[in-house]
Amino acid sequence: MNQLSIRPVIEETWGKALQHEFSAPYFLELKKFLLEEKSHHQIYPPGSKIFAAFDHTPFDKVRVVLLGQDPYHGPAQAHGLCFSVNHGVRKPPSLINIFKELNSDLGIPIPGHGNLESWARQGVLLLNATLTVRAHQAGSHQNKGWETFTDAAIRTLSEHRDNLIFLLWGSYAQAKSKIIDTDKHHILRAPHPSPLSASRGFFGCRHFSAVNKILKANGDREIDWSLH
């Protein structure tokens, strides 16, 4: 077995759910691309964090899915969870707006950091469509195969789980609704929280309380959205 055909290190339940993807031709081409990129450029997030969204939120623990598009491309920002940044890193504008809406919706104080791991540990899958990026070049790893892989993850969740809540912020994320079974799952849509669009309906969407109302109605525990 050559290096490119070995399954990447990913959380066990996700590894089983997505096992057929790892040997698919597109994924092998993606791995070749990433090896070539890594030999010439700085890539974010670090290799051990590429599958962090899956590692923090096992397949059978997912309750909410928040879809992003691309990892942050600045130093030390990306750590494998959409919208989230490492401790000690300045909060990006979209994340600041997420916290403003959270404060408006539930009265939760705006946190001093932007690390969303505590959400992920409670079952919020923080999934970017593209899982890597070249440093300082936004969108540089789009259309290389990652979207096929993450679409497979969304589709597998849709098919094999019930009553999940999908948060689709912005037109890119909302386009994913076509691979989600709306008879089985809940979809909450809003404009993207970026400064360009947040004032067009992201502010006031009250998705955080809406998620908890759905969870409570299903007899499930609510998400503690506060960050400590």
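Predicted model: local features only at pLDDT ≥ 70, side-chain atom pairs only at ≥ 80, totals over all residues.
Residues are numbered from 1 along each chain as its sequence is written, and side-chain values use heavy atoms, with hydrogens and water left out. Local features need pLDDT of at least 70 and side-chain atom pairs count only at pLDDT 80 or more, whereas totals for chains, interfaces and linings use all residues.

The protein chain contains 8 helices and 6 strands, which are DSSP runs numbered from the N terminus (helices: H or I, at least four residues; strands: E, at least two). For 228 residues, a compact globule would have a radius of gyration near 17 Å (taken over C-alpha atoms, by the rule of 2.2 Å times the number of residues to the power 0.38), and the 17 Å of the protein chain agrees with this. Of the 228 residues, 57% are buried, where buried means under 20% relative accessible area, exposed over 50% and partly exposed in between, with a 1.4 Å probe and protein chains only.

Helix α2 (residues 25-40) has 16 residues and should span 22 Å at 1.5 Å a residue, the expected span being 1.5 Å times one less than the number of residues; its end C-alpha atoms are 23 Å apart, which agrees. Within α2, Tyr26, Phe27, Leu30, Lys31, Phe33, Leu34 and Glu37 are buried. These residues lie on the same side of α2 because they cover an arc of only 165° around the axis, as given by the directions from the helix axis to the C-beta atoms. Their cover includes β1 (43-44), β4 (133-134) and α6 (146-160), while Pro25 and His40, on the other side of α2, are exposed.

Note on methods:
Contact = heavy atoms within 4.5 Å.
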